[in-house]
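Visitor: I would like a close look at a single part of this model, with its surroundings. Please keep to what can be computed from the atoms.

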Amino acid sequence: MFEVMNYIDFNGNAKEAVDLYIHAFDVKDARITLFKDLPSNASRLTPENENKIAHANLKLGTFTLMISDTQPENPVKIGENFTFFLVFDNLIEEQKVYERLSQNARIIIPMGEQFWSKSYAYLIDAFGIGWQLSCEEQS
C-alpha cells in the first residue's frame with residue numbers, strides 16, 4: 001500500500017510559495033524544516049541557503065503538498081519542478097515499483113537509506129515524469 005503526494009521544488013522562493021498556499025488553503029497543519037535545521041551531514045549548509053526551505057509539508061484537506069528549495073547549483077526549470085512522491089509502508093512493494101519505473105529512466109538518487117527514510121529513490125521515468133519513492137516500513 002502507498003500514499004501519493006505531490007512535491008514541488010523552487011529556486012529559492014519556496015517560502016513565498018508556502019506562505020501563499022497556507023493562506024489560500026487556510027492550512028492548519030504545516031511542517032517546515034529549514035536547511036539549517038537538518039542534521040549536519042545531510043546538506044551543504046551555506047549562508048545563502050541556511051534560511052531556505054529544505055522541506056515543507058502542507059496538509060490541504062486529504063491531500064499533502066510537499067515543497068522545497070533546490071540548492072543554487074541545481075536550479076529547476078519552472079514547469080519541470082513537479083514530482084510525484086509515493087510513501088510506501090512495505091519495502092518489497094517499493095522495490096518492485098522502483099525496478100519497473102527504472103527501465104529506461106534517469107536515476108537521480110539510487111534506492112538507499114536516508115536519514116529521513118528507511119529506503120528512498122528519485123528517478124525521471126522514460127516519459128520525463130519525476131518519481132520519488134520512500135518507505136516508512138515499521139520494524
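Leaving aside its neighbours within four places in sequence, which residues is Tyr98 in contact with?

Guide: The model is predicted. Once neighbours within four places in sequence are set aside, the contacts of Tyr98 are Ile107, Pro110, Met111, Ala121, Leu123 and Leu133. Tyr98 itself sits in helix α2, which covers residues 91-101. Its relative accessibility is 14%; the cut-off for buried is under 20%, so Tyr98 counts as buried. A further pair shows how the chain returns to this place: Tyr98 and Gln132 are 34 residues apart in sequence, and their C-alpha atoms are 9.3 Å apart in space.

For context, consider the nonpolar cores. The largest one has 12 residues, including Ile8, Phe10, Val27, Leu58 and Leu65. The elements that give two or more residues to this core are β1 (2-10), α1 (14-24), β3 (53-60) and β4 (63-69). Of these, β3 gives the most, with four residues. Apart from this core lies another, of 11 residues, and among them are Leu86, Leu91, Leu101 and Leu133. Leu133 is also one of the contacts of Tyr98. As a general matter, nonpolar side chains in soluble globular proteins tend to be buried together.

In α1 the buried residues are Ala14, Ala17 and Val18. Viewed down the axis of α1, they fall within an arc of 100°, so they line one face of the helix. In general, an α-helix has 3.6 residues a turn, so residues three or four places apart point the same way. The cover over the buried residues of α1 includes β1, β2 (30-34), β3 and β4. Ala14, leaving aside neighbours within four places in sequence, is in contact with Ile53, Ile67, Ser68 and Asp69. On the face of α1 turned away from the buried side are the exposed residues Glu16, His23 and Ala24. After α1 comes Asp26, which has a positive phi, near 50°.

Finally, the whole chain. It has two helices and eight strands, in the order β-α-β-β-β-β-α-β-β-β from the N terminus. Of its 139 residues, 40% are buried. Among contacts with a separation of 6 or more, 56% join residues 24 or more positions apart.

Technical notes: Residues are numbered from 1 along each chain as its sequence is written. This is a predicted model: local features need pLDDT of at least 70, side-chain atom pairs count only at pLDDT 80 or more; totals for chains, interfaces and linings use all residues. Side-chain values use heavy atoms; hydrogens and water are left out. A nonpolar core is a set of buried Ala, Val, Leu, Ile, Met, Phe, Trp, Tyr and Cys residues joined through side-chain atoms within 4.5 Å. Buried means under 20% relative accessible area, exposed over 50%, partly exposed in between (1.4 Å probe, protein chains only). Contact means heavy atoms within 4.5 Å. The arc is that of the directions from the helix axis to the C-beta atoms.
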